[in-house]
Amino acid sequence: MRTRKLLGTALGLLLSSAAMAASVPSADMDKITLSFLNAKVYAGGAVSCRDKEIGDRLYVGCLNRSLGGNSQVSLWLYEGGVFKSLNGTARGFAEGKLAGQPHIKTMPLPLPKDIDFGAAMSAFK
């Protein structure tokens, strides 16, 4: 009986910590996805954006999925309702088809030292 109670407590802690993991608000995920769709960034396929927490930062990776394969990931840093371009693909969109949108910004270079670019890119592969 004690083992069952301990397992139940451990499971509860695991579930509550998973629920507490930071994520980009769904309304903001909708904003970046709709930005890609409305700007017709990709000719066909389906735009897919997802978020990941790495360290103390939130990242968003967006790509186009089609029968021919996936596009390159555009990597964004999410801070306070703003998506900041991190890789060349995202920078090209931020300065091109997505320019002028208040929630899209170009990240100044050099990147802050606490951003692990390699880990962020690997997380979206």
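Tutor: Two strands pair if DSSP finds at least two bridges between them. Strand 4 and strand 5 (residues 82–85) pair in the antiparallel sense over 4 bridges. The model is predicted, so local features need pLDDT of at least 70 and side-chain atom pairs pLDDT 80 or more, while totals for chains, interfaces and linings use all residues. Numbering starts from 1 along each chain as its sequence is written, and side-chain values use heavy atoms, without hydrogens or water.

Student: What makes residues 74–79 a strand?

Tutor: Strands are DSSP runs of E, at least two residues; helices are runs of H or I, at least four; both are numbered from the N terminus. Residues 74–79 form strand 4, and Y78 is found there.

Student: Why is Y78 called buried?

Tutor: Buried means under 20% relative accessible area (exposed is over 50%, partly exposed in between; 1.4 Å probe, protein chains only). Y78 has 11% relative accessibility, so Y78 counts as buried.

Student: What is Y78 in contact with, leaving aside neighbours within four places in sequence?

Tutor: Contact means heavy atoms within 4.5 Å. Y78 is in contact with V24, P25, D28, L58, V60 and F83. F83 is also the bridge partner of Y78 in strand 5.

Student: What makes the Y78 and D28 side chains a polar contact?

Tutor: A polar contact is a pair of N or O atoms within 3.5 Å; within protein, one must be able to donate a hydrogen and the other to accept it, and residues adjacent in sequence count only if both atoms are side-chain atoms. Y78 and D28 are joined at 2.3 Å, so the pair falls within the limit. A polar atom of the Y78 side chain also lies 3.3 Å from the backbone nitrogen of G81.

Student: How do you know that strand 2 is largely enclosed?

Tutor: Strand 2 (residues 57–66) has 8 of its 10 residues buried, so the rest of the structure largely encloses it.

Student: Which strands pair with strand 2?

Tutor: Strand 1 (residues 46–54) does, antiparallel, over 9 bridges. Strand 4 does too, antiparallel, with 5 bridges; Y59 is there partnered by L77. Strand 3 (residues 69–70) has 2 bridges to strand 2, again antiparallel.

Student: What makes strand 5, helix 3 and strand 6 a right-handed unit?

Tutor: With the strands pointing away from the viewer, the path from the first strand over the helix to the second runs clockwise in a right-handed crossover. Strand 5, helix 3 (residues 88–95) and strand 6 make such a β-α-β unit. Strand 5 and strand 6 (residues 104–106) run parallel, joined by 3 bridges. F83 has I104 as its bridge partner in strand 6.
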